[in-house]
Amino acid sequence: MTGFAELWALGDVVTRGVACLLLLMSVSAWVVILWKGWVLHRARRSIQRALPAFWAAANLDEGRAALQNFDQEQVLLPLLDAATASTTANTLEASGRQESRLTRRLRDALHQVLQYLQQGQVLLASIGSIAPFVGLFGTVWGIYHALVNLSAGGSITIEKIAGPVGEALIMTAAGLAVAIPAVLAYNVFGKRLGACEAELEGFAHDLREMLDPKEA
C-alpha cells in the first residue's frame, strides 16, 4: 500500500488519471466477469435440463410448459415462440413461403439470444488488450516525471532514482493485473459461448425440421 500511496502523492494529474482509469477498467472487468459467469452458468444449466424435458413432452403445449419451468435464462423459449408465432396477413412476410418464414423467424430469434449471451465479450477483449499499454504509459510518464523532479533538485544518484522509478513501475504491474483476468475470462467465456451456440443452433434446426410443412 505504501508504494501506491507514494505514487499517488508524488504523481501529477496524468499519473493519477492513469491510475483512476486502470481502477475503472478493473472494476468494469470484474463486474462483467461475475455477471457473465453467472449468466452462462444458468444458460448451460437451462439447456441441459430444458432440452430433454422438451423432447420428452407429448405435444408442443407440454413442451412449452417444460421450457418455462427449466429455461431460467430464456435462451430456448424465444426460439420456440418464434417458430410457433402466427404471421400477420397482408404483409411481405405473409407473401413468402411458409418454410422460409419459419427459417427467418428462427434465425432472428437465435441471433437475439446469442447477442444477449455475448454481451460483455467486447469489453473484456478491449480491457485485456488495452490495459497493459495504459499501465506502460503510466510507467513511462511516472519515470519522466520523477527524473524531472530529481534533475531540478540537484545531483542525481542511484538512491534518488531507484525509489521514484520503482514506484512508477507499479503502473506496469497494475496494467497486467487488470488485463490478465480479463483475457482469461474472455477465453473461458468464449469456449462456453461456443458450446451454448452449438446447442441452440441444433435446437433451432430440430424445430425447423419438426414444424416445416414439407415434413408434415
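**Exercise 1. A histidine and its surroundings**

His 205 is found in helix H8, which spans residues 158-211. The model is a predicted one. Determine whether His 205 is buried, partly exposed or exposed, and state how far apart His 205 and Thr 103 are in sequence and in space.

*Solution.* Step 1: the relative accessibility of His 205 is 48%. Step 2: buried means under 20% and exposed means over 50%. Step 3: His 205 therefore counts as partly exposed. Step 4: Thr 103 and His 205 are 102 residues apart in sequence, and their C-alpha atoms are 8.8 Å apart in space.

**Exercise 2. The overall fold**

State how many helices and strands the protein has, and what share of its residues is buried.

*Solution.* Step 1: the protein has 8 helices and 0 strands. Step 2: along the sequence this gives the pattern α-α-α-α-α-α-α-α. Step 3: of the 216 residues, 34% are buried. Step 4: among contacts with a separation of 6 or more, 78% are accounted for by residues 24 or more positions apart.

**Exercise 3. The packing of H3 against H4**

Classify the relative direction of H3 and H4, and describe the residues of their contact.

*Solution.* Step 1: the axes of H3 (residues 60-70) and H4 (residues 77-84) come within 10 Å and cross at roughly 155°. Step 2: angles over 145 degrees count as roughly antiparallel, so H3 is roughly antiparallel to H4. Step 3: the crossing of H3 past H4 is left-handed. Step 4: H3 contributes Leu 60, Arg 64, Leu 67 and Gln 68 to the contact, and H4 contributes Leu 77, Leu 80, Asp 81 and Thr 84. Step 5: these residues comprise 4 nonpolar, 2 polar and 2 charged.

**Exercise 4. The faces of H3**

Which residues of H3 are buried, and which on the other side are exposed?

*Solution.* Step 1: Gly 63, Ala 66 and Leu 67 are the buried residues of H3. Step 2: viewed down the axis of H3, these residues fall within an arc of 100°, so they line one face of the helix. Step 3: Asp 61 and Asn 69 are exposed on the other side of H3.

**Exercise 5. The packing of H4 against H6**

*Solution.* Step 1: the axes of H4 and H6 (residues 98-117) come within 8 Å and cross at roughly 160°. Step 4: Pro 78, Leu 79, Ala 82 and Ala 83 of H4 meet Leu 102, Arg 105, Leu 106, Ala 109, Leu 110 and Val 113 of H6. Step 5: the contact has 9 nonpolar residues, no polar ones and 1 charged.

Note on methods. Residues are numbered from 1 along each chain as its sequence is written. This is a predicted model: local features need pLDDT of at least 70, side-chain atom pairs count only at pLDDT 80 or more; totals for chains, interfaces and linings use all residues. Side-chain values use heavy atoms; hydrogens and water are left out. Axes are lines fitted to C-alpha atoms, for helices over the stretch in contact, and angles run from 0 to 180 degrees between N-to-C directions. Helices (H or I, at least four residues) and strands (E, at least two) are DSSP runs, numbered from the N terminus. Angles under 35 degrees count as roughly parallel, over 145 as roughly antiparallel, 65 to 115 as roughly perpendicular and the rest as oblique. A crossing is left-handed if the near helix is turned anticlockwise from the far one by less than a right angle, and right-handed if clockwise. Contact means heavy atoms within 4.5 Å. Ala, Val, Leu, Ile, Met, Phe, Trp, Tyr, Cys and Pro count as nonpolar, Asp, Glu, Lys and Arg as charged, and the others, Gly among them, as polar. Buried means under 20% relative accessible area, exposed over 50%, partly exposed in between (1.4 Å probe, protein chains only). The arc is that of the directions from the helix axis to the C-beta atoms.
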